[in-house]
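Me: I want to learn how to read aromatic pairs and packing in a protein model. Can you take me through one case?

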Amino acid sequence: MNTDVLIKTDISFHDFCEALNHIADELIARHIVKASYRQSVFEREDEFPTGIELEHYAVAIPHCEAEHALKPAIYFIRPDKTVAFNRADDDGTVDVHFIIALVVTDPKEQLNVLKTLFGKLQDNQFVEQLISTPSRLLPTLIKQHLTFN
């Protein structure tokens with residue numbers, strides 16, 4: 001099964017709650033996740049925050065259990081300004097430069113997908129490309145590096 005890739009730029013969020021609601025709205029409307037996704041992603045974010053400080057930037061990787069997914073997807077969002085997410089590794093917040101919402105349908109695959117993604121995010125050149133690539137070229141970049149089929 002192919003992974004759907006969704007991309008959004010030119011958007012701003014007041015806080016991570018607004019970002020998560022936007023993600024839920026989009027994924028539910030596109031029949032990628034069940035309606036239960038919204039509550040689940042908020043609960044997961046509350047229990048296990050997803051803001052991660054990289055070497056030069058920060059990212060958030062919101063996701064939840066596979067039981068809320070209808071088909072696999074990656075929703076890449078590059079907001080106009082950073083969004084504060086709670087830190088995954090510590091108390092406090094981190095200002096994220098991009099958000100990668102993962103939707104995985106196979107629970108056994110979720111850890112593999114996260115490991116692969118974290119490996120890619122350790123590559124500073126790739127992260128720079130995510131930040132600087134023009135919006136129209138992002139689909140190609142993301143499909144080349146971040147699809148999990």
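Predicted model: local features only at pLDDT ≥ 70, side-chain atom pairs only at ≥ 80, totals over all residues.

Me: Where do we start?
Reply: Then the fold. The protein has five helices and seven strands. Along the sequence they run β-α-α-β-β-β-β-β-β-α-α-α.

Me: How compact is the protein for 149 residues?
Reply: Its radius of gyration is 14 Å, close to the 15 Å from the globule rule, so the protein is as compact as a globular protein of that length. The C-alpha trace spans about 35 × 35 × 25 Å along the principal axes. Buried residues make up 45% of the 149.

Me: What share of the contacts with a separation of 6 or more comes from residues 24 or more positions apart?
Reply: The share is 70%.

Me: Now the rings. What describes a pair of aromatic rings?
Reply: Two values do: the distance of the centres and the angle of the planes. A search of the whole structure finds two such pairs. In one of them, Phe 16 and Phe 85, the centres are 5.6 Å apart and the planes stand at 40°. Planes under 30 degrees apart would count as stacked and over 60 as edge-to-face, so this pair is tilted.

Me: Which elements does the pair of Phe 16 and Phe 85 tie together?
Reply: Phe 16 lies in helix H1 (residues 16-29) and Phe 85 in strand S5 (residues 83-86). The pair therefore links parts 69 residues apart in sequence. Phe 85 is buried, at a relative accessible area of 0%.

Me: And how are Phe 76 and Phe 98 arranged?
Reply: They also form a tilted pair, with 5.6 Å centre to centre and 40° between the planes. Phe 76 sits in strand S4 (residues 73-78) and Phe 98 in strand S7 (residues 98-103), so this pair ties parts 22 residues apart in sequence. Both phenylalanines are buried.

Me: Which residue lies over the face of Phe 126?
Reply: Lys 120 does, at 5.5 Å from the ring centre.

Me: Last feature. Is His 63 buried or exposed?
Reply: Under 20% relative accessible area counts as buried; His 63 has 7%, so it is buried. His 63 is in the loop between strands S3 (58-60) and S4.

Me: What does the side chain of His 63 reach?
Reply: The backbone oxygen of Ile 61, at 2.7 Å. A polar contact of 3.2 Å also joins the side chains of His 63 and Arg 44. Leaving out residues up to four places away in sequence, His 63 touches several residues, among them Val 41, Thr 50, Leu 102 and Leu 114.

Note on methods
Residues numbered from 1 in each chain as written. Heavy atoms only, no water. Phe/Tyr/Trp six-rings, centres within 6.5 Å; stacked < 30°, edge-to-face > 60°. Helix = DSSP H or I, 4+ residues; strand = E, 2+ residues; numbered from the N terminus. Buried < 20%, exposed > 50% of the residue type's maximum accessible area, 1.4 Å probe, protein only. Lys NZ or Arg CZ within 6 Å of the ring centre and 35° of its normal. Polar contact = N/O pair within 3.5 Å; in protein donor to acceptor, adjacent residues only side chain to side chain. Contact = heavy atoms within 4.5 Å. Rg over C-alpha atoms; globule rule 2.2 N^0.38 Å.
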